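Welcome! Take a moment to look over the sequence and the structure below, and then let us walk through some of its parts together.

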Amino acid sequence: MMKEAQEKMDAALEHLAQEFQKLRTGRASAELIESVMVDSYGAPTPLKHLATISVPDSKSLMIQPFDPSQAPAVEKAFQESDLGLNPTLDGTVLRITLPPMTEERRKELVQVVGKKAEEARVSIRNAREAMHKQLKADDSLSEDDKKGKENELQKAVDAANEQVRDLAEQKETDVMSM
């Protein structure tokens with residue numbers, strides 16, 4: 001029972017870490033764009049399944065589609081995305097130069113970090129609530145055992161929330177320092 005709640009909390013933390021990797025911190029990173037959905041042969045497909053993404057330097061990205069005829073579709077996907085990135089089509093290779101981060105954009109990203117962290121906290125609370133319901137419904141446990149399990153659960157929740165806080169603080173520092 002406790003293992004299930006811990007797995008849900010770990011999944012929330014893992015998801016948060018993945019979401020934070022997608023946020024731009026001033027350095028070029030393949031994670032920024034690999035989940036951009038491209039209309040490939042009529043089906044939306046993540047960019048990472050259609051192309052090689054490389055980072056030639058800290059301010060640019062290079063995308064080499066596996067099928068060169070897909071380059072215009074990749075370019076269109078970026079134009080339609082909300083990333084604010086405009087690739088330059090150079091034959092069959094797309095190049096993206098990351099614009100410098102403005103103070104306003106940094107503040108927006110800090111707000112996004114806070115929102116993502118709160119979503120993770122909500123997932124952790126939901127896992128705790130589901131576990132509480134299971135404990136209350138379990139008639140095979142004595143009141144003392146239930147109380148002990150609830151205390152154990154709360155310690156796990158507190159530890160997970162602390163990790164969320166640490167991840168968020170680290171990402172905010174990264175965003176503001178670039």
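In which sense do strand β1 and strand β2 pair, and over how many bridges? The model you see is a predicted one, and in it β1 (residues 37-40) pairs with β2 (residues 43-46) in the antiparallel sense, over four bridges.

You can follow the pairing at Ser 40, which stands opposite Ala 43 in β2. This hairpin has two residues between its strands, and Tyr 41 takes a positive phi near 55 degrees there.

## Around strand β6

Now move along to β6, where two pairings can be traced. Strand β5 (residues 88-90) runs antiparallel to β6, and three bridges join them. Asp 90 stands opposite Val 93 in β6. The hairpin of β5 and β6 has two residues between the strands, with Gly 91 taking a positive phi near 70 degrees.

Strand β6 (residues 93-97) also pairs with strand β4 (residues 60-65), in the antiparallel sense and over four bridges. Here Ser 60 has Thr 97 in β6 as its bridge partner.

## Lys 136 in helix α3

Our last stop is a helix. Helix α3 spans residues 103-137, and Lys 136 lies in it. Is Lys 136 buried or exposed? Lys 136 counts as exposed because its relative accessibility is 61%, and exposed means over 50%.

How many residues apart along the chain are Lys 136 and Met 2? They are 134 residues apart, while their C-alpha atoms are separated by 13 Å.

Definitions and conventions:
Residues numbered from 1 in each chain as written. Predicted model: local features only at pLDDT ≥ 70, side-chain atom pairs only at ≥ 80, totals over all residues. Heavy atoms only, no water. Buried < 20%, exposed > 50% of the residue type's maximum accessible area, 1.4 Å probe, protein only. Pairing = 2+ DSSP bridges.
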